[in-house]
Amino acid sequence: MRELTIKPNEAGQRLDKFLTKYMPLAPRSFFYKMMRKKNITLNGKKAAGQERLSEGDKVKLFLSDETVEKFTEKDSAMHRRIVPGAELDILYEDKHTIFINKPAGMLSQKAAKEDVSLVEYLTGYLMEHGQISEEELRTFHPSVCNRLDRNTSGIVAAGKTLAALQELSAMFRERSLKKYYLCLVAGAVPKGGHISGFLTKDPRTNRVSFSGKRTEGAAGIETEYHPLCAGEGVTLLEVHLITGKTHQIRAHMASQGHPIIGDYKYGDRRINDRYRAEYGLTSQLLHSVRLCIPECSGILSDLSGKVITAPLPELFRKICEDKKIQRSCLIWPHGVQED
């Protein structure tokens, strides 16, 4: 017999989904049969499977170890590649959430099985600090709530518990929090603007195209931007990302004739080659600099009204300074401010 105590990072899900994660090779019918026979119980009582689990609930499995292991993946989540979390630049952390300043070059999530992404570093960090165990990884995996392109730096939010992951992800999906980026673009941008239109993605090339007219399969997008400072042949922009589609800012700014410096997919190759030769720049100068959290209660109450900020990467700031961008536009605090 095994007794499983529901941890904070497992609460909020249905019992049958919890069991499916714990023994992923078992058919769903097996769980319902075992619950009918009271070979699986919840808090000492017969269960149906639809019950929502709360922290501290007791799930008892009156099953042999051989049966449990038979229905457990040999290459399960607890055996996945986990890396030390020492590389994480943590901007804010509480019991349920964590906000990380992702460097350019790091994936937010895996694109292939062999990849190491921010999620693996996060899992390693939580394990190192005793916030999650290998056993708990059978039923819950910490994950990010928003994704940045590999070569975009800045703030990534993650949930350390299932309930927080769901609620924080809903904020991004419903756009109740505000997302701001800094980018260095080619040319002089004399005034701000509000762009709306439609993006169509080509999955073969992982490239999007922007149009002012709706076409089949296109997603509606909105972006606001305003110039902070003009420099030598460049402008530093603050961008309010209203929607959040693939490559939205990169494609939007390119469509306005002001591609982001270092962006080879949508930008000007001659300009980018010049910056690569002079600075060794290999990524677009696009940085998620600020997240404004709305008033919230419940499990996210500690986040209510907070503003998370991430300082510019060193190379981004150096290039801006060399191009005569005002230093006052480049100083961003590390961490949390009150709105």
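The largest nonpolar core of this predicted model has 51 residues. A nonpolar core is a set of buried Ala, Val, Leu, Ile, Met, Phe, Trp, Tyr and Cys residues joined through side-chain atoms within 4.5 Å. Buried means under 20% relative accessible area, exposed means over 50%, and partly exposed lies in between (1.4 Å probe, protein chains only). The residues with the most contacts inside this core are Phe99, Leu168, Leu237, Ile249 and Leu303. Apart from that core lies another, of 23 residues, among them Cys229, Ile271, Tyr275 and Val307. Contact means heavy atoms within 4.5 Å. With neighbours within four places in sequence left aside, Ile249 is in contact with Tyr181, Val239, Leu241, Ile260 and Leu286.

Because this is a predicted model, local features need pLDDT of at least 70 and side-chain atom pairs count only at pLDDT 80 or more, while totals for chains, interfaces and linings use all residues. Residues are numbered from 1 along each chain as its sequence is written, and side-chain values use heavy atoms, with hydrogens and water left out.

The chain as a whole has 8 helices and 16 strands. Helices (H or I, at least four residues) and strands (E, at least two) are DSSP runs, numbered from the N terminus. The C-alpha atoms fill a box of roughly 75 × 40 × 35 Å along the principal axes. Of the 339 residues of the chain, 50% count as buried. Among contacts in the chain with a separation of 6 or more, 67% are between residues 24 or more positions apart.

After α4 comes Gly130, with a positive phi near 70°. In the loop between α4 and β7 lies Thr139, which counts as buried because its relative accessibility is 2%. Beyond its neighbours within four places in sequence, Thr139 is in contact with Glu10, Gln13, Phe18, Lys21 and Tyr22.

Strand β5 (residues 90-93) includes Glu93. This residue, Glu93, counts as partly exposed because its relative accessibility is 27%. Leaving aside neighbours within four places in sequence, Glu93 is in contact with Ile98, Tyr125, Gln131 and Lys160. A polar contact is a pair of N or O atoms within 3.5 Å; within protein, one must be able to donate a hydrogen and the other to accept it, and residues adjacent in sequence count only if both atoms are side-chain atoms. The side chains of Glu93 and Tyr125 form such a contact at 2.7 Å, and the side chains of Glu93 and Gln131 form one at 3.1 Å. Glu93 and Val336 are 243 residues apart in sequence, but their C-alpha atoms are 9.8 Å apart in space.

Two loop residues remain. Most residues other than glycine have a negative phi. Asn43 has a positive phi, near 55°, and its place is in the loop between β2 (40-42) and β3 (45-46). Asn43 is partly exposed because its relative accessible area is 41%. His247 also has a positive phi, near 55°, and sits in the loop between β13 (234-241) and α6 (248-255). At 7% relative accessibility, His247 counts as buried.
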